[in-house]
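Dear colleague,

Please find the structure below, followed by my notes on a few of its residues.

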Amino acid sequence: MNTLALHVEELTSGRQMKKEGILFSDVAVVKMFIDGEDVEASGCLGDDVLVYFDELEKSLSASGNYLIFTCVCGMAEDGGWEGVKVVLNEDVVTWEFEAGGRVLWFSFARDEYASEIKSARAMIGTTAFPLEPRKVGFPKGFQR
């Protein structure tokens with residue numbers, strides 16, 4: 001079983017993030033850690049990825065395809081993102097998706113998954129900064 005941890009990072013007071021030539025400042029971003037490893041820093045998802053929290057949060061409601069990751073420009077297709085197949089079982093949440101030419105699978109304890117997402121939502125509620133990405137272009141033909 002994998003572990004999911006989410007952290008809301010505020011890029012303020014001179015702290016900035018530059019990805020693919022796009023400068024982010026005075027915003028908040030959701031940082032994701034799987035098994036203690038920062039998914040952005042690990043390189044397994046590529047260098048141009050952002051967590052799209054709204055879709056991650058929606059994945060609590062039903063099994064389906066969710067755009068949990070997107071390109072930093074907000075256009076999912078630019079980063080090759082088609083979505084994450086999320087399957088909710090009674091006790092387990094599984095993910096399956098393609099990144100960097102390989103298929104990745106993760107499984108999380110459902111109660112811990114839900115708790116982590118709800119905690120991140122609470123952190124987002126306390127920040128005065130807009131959450132990036134603000135606007136996302138879904139892949140053509142995207143289906144839940």
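This is a predicted model: local features need pLDDT of at least 70, side-chain atom pairs count only at pLDDT 80 or more; totals for chains, interfaces and linings use all residues.

Residues are numbered from 1 along each chain as its sequence is written, and side-chain values use heavy atoms, with hydrogens and water left out.

Thr127 has a relative accessible area of 14% and is therefore buried (under 20% relative accessible area; exposed is over 50% and partly exposed in between, with a 1.4 Å probe and protein chains only). Apart from neighbours within four places in sequence, Thr127 is in contact (heavy atoms within 4.5 Å) with Glu10 and Ala28.

Tyr113 belongs to helix H3, which covers residues 110-126, and is buried because its relative accessible area is 1%. When residues up to four places away in sequence are not counted, Tyr113 touches several residues, including Leu4, Leu56, Trp95 and Phe108.

Glu55 sits in helix H2 (residues 53-58) and, at 0% relative accessibility, is buried. A polar atom of the Glu55 side chain lies 2.9 Å from the backbone nitrogen of Leu67, and Leu67 is also among the residues that Glu55 touches, as are Phe138, Phe142 and Arg144, residues up to four places away in sequence not being counted. The C-alpha atoms of Glu55 and Tyr113, 58 residues apart along the chain, are separated by 14 Å.

Note on methods. Helices (H or I, at least four residues) and strands (E, at least two) are DSSP runs, numbered from the N terminus. A polar contact is a pair of N or O atoms within 3.5 Å; within protein, one must be able to donate a hydrogen and the other to accept it, and residues adjacent in sequence count only if both atoms are side-chain atoms.
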